[in-house]
Every structure is written in structure tokens, then in C-alpha cells.
Amino acid sequence: MSVRVRIAPSPTGNLHIGTARTAVFNWLFARHHGGTFVLRIEDTDFERSRPEYTQNILDGLTWLGLTWDEGPSFQTQRLDLYRQAVQTLLEKGLAYHCFCTEAELEVMRAEQEAKGQAPRYDNRHRNLTAEQQQAFVAEGRQPVIRFRIDDDRTITWNDMVRDQVSWKGSDLGGDMVIARRADFGEIGQPLYNFVVVVDDMDMQITHVIRGEDHVGNTPKQILLYEALGANIPEFAHTPLILSPSGKKLSKRDGVTSIDDFRKMGYVPEAMVNYMTLLGWSAPDAQERFTLPEAAEKFDFERVNKAGAKFDWDKLNWLNSQYLHDMPTDRLTDLLIPYWQNAGYALDTGDRTWLTQLTALLAPSLVRLEDAVAMSRYLFVPTIEYAEAAVIQLKQEGVTPVLQGILSSLDGMGTFTEAEAQTLIQQVVKDLGVKKGLVMKSLRAALTCDLHGPDLIQSWLLLHQHQLDTSRLQEALAIAAA
RNA sequence: GGUGCCGUAGGCAAAUCGGUAAAGCCGCAAGUCUUUCAAACUUGUGUUUGCGGGUUCGAUUCCCGUCGGCACUGCCA
């Protein structure tokens, strides 16, 4: 039987990194086995589901390169299927109507808590007579539908990452609700744990790969598979991504949506590479790979059991690696929107200048966003001088150096790197100063800082935009002040 | 409270059947290169494998206990 896996996000928020990582493992497993990767949108909670979140999830998966083979399908369009399945269980006597009110359940739980017991439904309406049911209906009560869970059962499965896992039926919290409150005789909105099973059955999912936070759902779902007479799929519960403090990564930890990472300037290659490394390692210790490369080597034997803390340093390193290796042309395309968003006046027609700038910045980039601050002095005519640069400009002997450069610049058109070097040599010779003084002063004057990318290249770019003479003059004013 | 899972250096991790540990990567430090920063390269840096017992000639790997962390415990997904 060929492998069929799925990713089943609910559109109650933007694509989360945890969901994306689950998608990565599913994708890898599907591709490794030449199987099928299905996308299913779990939108049964229509109070929290939003179409824009669905779009965000689709866009995010696409951006990451996690292409799917089937779908997306939407659970809200399959409600009949679920109702039919509920009906089947009702007819088999495996499910029943429970007329308990919220208030009654609250009282029950409070009593259990007072006795130090674990909260659970006590199955009180499991064997209601027709008369009792009619009495509740006459009262105007609407029932939910519950699925019978046998306390004496022990549910065991062989998890692909956790090996054997066992659960006692009595620890499942009593008979579970599978459909929300509705008029007696009707079937209310079916709930997650039930719907998942019906869908996975219907879509013939062979391997359920999901986060560890779902282990507790698995025994309930296995019982449902049995009740519906279906084959039980294999399960793989992957370790969670943890925040630096060791808790499940949540929205509170700041940046967690794929969209946020994208905006900051992480590239998809780095993201999927890093997510793959969180909980899995290649047998040959390879650290950098594409999705297809990882798929070749991927298997659950090498997936860890323990949660993995999210580490910005390593993600940053990977991202910088991909940025450094990227063709300049493509990197330029990626950088342009960042410069535009920063409000820099840039002429996209001046492709050569932009490409040169990109080549200049590339080795220093960690994230695309970094290019904004790093290239500010090349776009904005007047910027604040860094404190260290001001100190440098006020050094003895700086003024004649800058004047010398300025005067030799007078009337000069475009010039090359070699010509710039010659110009500097000439100033060194004429004034009898050290080259270091000239270079350092020139850097301070032109870039307004003491550190940054290659000076000569920066100068060339500045000169093309006629920003160098004005900078030099401004620097002279600072030196004189 | 209950149930389940997990616990190798600052982080990610490796270690066929138990064979006598921390491979590799990130980080950090120093050096080389460079006018500077970054990159790159070189070198260095961290262990009573949570703790305590047991089985064994030998345990990260098996057993028991203990502590800790996390997850779940909904008419959310």
C-alpha cells in the first residue's frame, strides 16, 4: 500500500512554525516513500476560523516549498460525511445523546475536584430510557452526542518515534463528545477528534504524523477507528519545538509565524533546512541540505523523542549561508523591496548600481532586513555620523587629507577602483602621511562610521550618485567644529 | 490533582547486538587575512550521559526508584 500522509492545519491563525515543521516531516516522509501528501483545512470551528488565515497557510506552505499533491479540502464542506458517521455510531449503539447542561457538568467537576479526583464525565446519561430522553426534550434541553469509552479497555499502539505507548480507557475522561449540542433528532456540529478520524479514514491516510501534543488524542481516535470499522493508521508523534525557556513555542514567544520570519528576511531554504534539523539528524551528519536531499535520507528511526529548543543563532547561521551562496541577481531582487519599504529613493532602472551594492553587502548579510541599515549611507544624502567617526574626523592631520582628496576629486568623472587607489596613494605621498590615516579618515567621512563593507567599493557607489563630495565637505565641517 | 512522554556539553545533536562517550554543527575565545567590520580559514573551549541503586567482566544504552521538564486533561483544534 502506498504511503498517504496529510497536514491538517486549522485556519485560526497564520501559519505557525510548529505546523510548518509538522508539514516538513510529512512532506519528507511522503517524498521518501514516493507517497502522497494531502492538505486538509480543519475549519470546523467556524467561530475562530477565518478565510485570510487559510490563505496565509496556503501561501506559507507554498513559499516554503512544501507542495501538496491533493487538496486543499475543507471540513466545512464535508459535514454530511461526518453526520453520517455519527448516525452510524448512534445506530450501532456506540454513541448516545447526553442531555447534561453546562451547569450540571460544572457542578460535577467541582465535586470531583473537591475530592481530589481527576475531572471526567461520569457517563450518567449513557443508558437513558426513551421516556427519560423525552422528559429532557420536553424540558427544552438539547443533547450533545457522546461516544462510549470502555473504562476497562487498554489502548496500545506502536508509535514510529515513541515505540509502544499505552493508555487506559479510564484515563480518557469518560465518554467523549463527538457532536455539539443540537435539537434532539438532529446532529450538531461534529468535533475535532471525531472529524479527524472520519477524514483520515475517508482519505485513506496511512501514516498520521503530527506533534507530540496530540498523543493524548490518539487513544480516543483509535477507539473511533475501531467503532467505525476502519484500519488503524500508523502514528508518529514528533517532538515539539520549544522556546528558549523550554516551553512549547507559542505566539507569546514573539516571532512564531512563518510570515514573520519571511518579513525579517529569512529565506525559505534556510527555514526548511533549520526545521528539518530540529528533531532529526542526517545519518552522515550533513547540516545543509535542500528538502529533496533531506527526503532521500529521512526516516523516523532518526527522529528524536525530546523537544528541541529553538535556536536563533543556528537559524541565523543557516540563513547567512544561503544568502552568501545566492546568485547576486536573485539576491538583488530580494533586497529591492526592503530598500523600498525603508523609504530609500532608489532607481530600479539602475540595475548595475544595485547589483554592485548587493555584491558589496552579500558577505555581511544574516537576514535580508540587515541590508537596510547597512546601506543607509549610500541612499540617504545626510545621515548622522557615528560617535567614533566624529572622533576620528577630529584627529590631527585629518583636515588636509580630506581637502587633498576633495581637490583631486574636483572635475573628476566616474572613476575605477584602480584610479581611486592611485588617488589615495597620491594624497599619501603629497602629504607624507600614513595610508592608514587616509583610509580611516576617508571611511569616517564617506560612510559616517568606522566599520562597514569595502571602502573603495563603497566610495565608487557613492561617487556614482554624486554623494561623495558633499559627504567630504560635511566631514570637513565636523573636523573644523 | 490525574495521565502520558521526555531528560547526553550554553543550543541542535552522534554513538550497529550493552563494550567502555561526548563525532559533527551552532555559539563562545584566540589567531591569520583585511584600511575597518563581516566572510573565510586555523586553533582552542565544554562530560561524574538529571540523580541514586541494581543486573553485568563492562550500561548513555536493560531493570527499579527518585527528581526535574514538558504535553494533555473542553460541547477548541
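Two strands are said to pair if DSSP finds at least two bridges between them. With that criterion in place, I turn to the model, which is a predicted one.

I begin with an open sheet of three strands, in the order β4-β5-β8, whose pairing is antiparallel. Its edge strands are β4, residues 95-98, and β8, residues 176-179, each of which pairs on one side only. From one strand to the next, the twist averages 45°. Helix α3, residues 79-91, packs on this sheet and touches β4, β5 and β8. The direction of helix α3 makes about 95° with that of β4.

Strand β5 covers residues 144-147 and pairs with β8 in the antiparallel sense over three bridges. Which residue of β8 is the bridge partner of Ile 145? That partner is Ala 179.

A further antiparallel pairing involves strand β6, residues 154-159, and strand β7, residues 163-168, and extends over six bridges. As a general point, strands of a sheet pair through backbone hydrogen bonds, in either a parallel or an antiparallel manner.

Finally, I come to a helical position. Ser 441 lies in helix α19, which comprises residues 435-447. Is Ser 441 buried or exposed? Its relative accessible area is 0%, and Ser 441 is therefore buried, the cut-off being under 20%. Leaving aside residues up to four places away in sequence, Ser 441 touches Gln 392, Leu 393, Val 398 and Leu 402.

Definitions and conventions: Residues numbered from 1 in each chain as written. Chains lettered and ligands numbered in written order. Predicted model: local features only at pLDDT ≥ 70, side-chain atom pairs only at ≥ 80, totals over all residues. Heavy atoms only, no water. Helix = DSSP H or I, 4+ residues; strand = E, 2+ residues; numbered from the N terminus. Buried < 20%, exposed > 50% of the residue type's maximum accessible area, 1.4 Å probe, protein only. Contact = heavy atoms within 4.5 Å. Axes fitted to C-alpha atoms, helices over the stretch in contact; angles between N-to-C directions.
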